[in-house]
Amino acid sequence: MNKDDEIFKILNIKVNDISLYEKAFTHASYTNEHPESENYDRLEFLGDSILDMVIADMIFERFPEYRSGNLSKIRSILVSGESLTKLSEETYHLDKFVRYSIGEKGNVRFHHHINEDVFEAFIAAVYLDQGYSKVREIIFTIFTPLLKEAVSKLDNYDPKTTLQEEVSANVHYIVVKKENLNSEDVSYTVEARVSDVILGIGKGHNILEAEKNAAKDALLKKVGE
C-alpha cells in the first residue's frame, strides 16, 4: 500500500503516516508470520467507537423529527455487519489491501466478517492520521447516500436480529415476571442477557413483544454508550 492508492484519491486523503493504514489492513495471521507488523485489532476497536459516535451525530442532525427509537434503528442498520462488509468489499474494495498469512489467503471466501473489521480499522487510521474533522467529513460522505435505504427498512426492522449482530455472543431472553395472566391486561417482563449481564429489559402483552422491547432497550443503551 502507498500514498497514491486510489482509495486515498476517492476520499481526498493526503496521507501523513502510511504505516497507520498498513496496520489497518494487517490481519492477525500476517502478524504471526511477521511479528514486527502490528495487526488491526486495536484500530478496529477505536473505529467502531468513532463510527457509532459520528453516525449518531449525523442522523440526530438529519432527522430532528425522529425520537430515539427510530434514530437507534437507523444507526443500527447503517453500521450493521452487512452494511460495513458491503462498503468494504463492493464500494471501496478495501479487501484487496488486507495482508494475510500464506495459509490464511486460501480462506478468503470466508473473510466477510474480517472485511467488516477492516472497514472499522480504516476509519480509525483516518482519524489518527487526519484528525476528527476529516474523519467526520468522510463518514458523512460515505453514509449519507445510504440514509434513504436505511429509513425505508424501518418497517421491516427486527430489533432482536439487530441486537444479535451487535454483540459477539448469543443473546438469551428470560421471562422474569408474569402479571395479570387471567385478564386482558396480561403482561410479561423479559430481560435480554448475555451470560449473567442484562443488556435490556422489555414488557409486552405477550412474550415475543416483550423480547422485542428488551432488544430495543438494549440497542438504545448501546447508542448512549
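Is glutamate 137 buried, partly exposed or exposed? At 42% relative accessibility, glutamate 137 counts as partly exposed. The views below come from a predicted model.

**View 1. Lysine 134 pairs with glutamate 137 in helix α8.** Their side chains meet in a salt bridge, 3.2 Å from N to O. Both residues lie in helix α8, which spans residues 132-143. They sit 3 residues apart, about one turn of the helix. Lysine 134 counts as buried, because its relative accessibility is 13% and the cut-off for buried is under 20%.

**View 2. Lysine 203 forms a salt bridge with glutamate 179.** The closest N and O atoms are 3.6 Å apart. This pair links distant parts of the chain. Lysine 203 belongs to strand β3 (residues 197-204). Glutamate 179 belongs to strand β1 (residues 172-179). Lysine 203 is partly exposed, with a relative accessible area of 48%. Glutamate 179 is also partly exposed, at 28%.

**View 3. Arginine 193 and glutamate 191 form a salt bridge.** Here the closest N and O atoms lie 2.7 Å apart. Arginine 193 is partly exposed, with a relative accessible area of 23%. Glutamate 191 counts as buried, at 12% relative accessibility.

**View 4. Salt bridges link Asp57, Glu61 and Arg136 in a network.** Three residues are joined here: Asp57, Glu61 and Arg136. A search of the whole structure finds 8 salt bridges.

Key: Residues numbered from 1 in each chain as written. Predicted model: local features only at pLDDT ≥ 70, side-chain atom pairs only at ≥ 80, totals over all residues. Heavy atoms only, no water. Salt bridge = Lys/Arg side-chain N within 4 Å of Asp/Glu carboxyl O. Helix = DSSP H or I, 4+ residues; strand = E, 2+ residues; numbered from the N terminus. Buried < 20%, exposed > 50% of the residue type's maximum accessible area, 1.4 Å probe, protein only.
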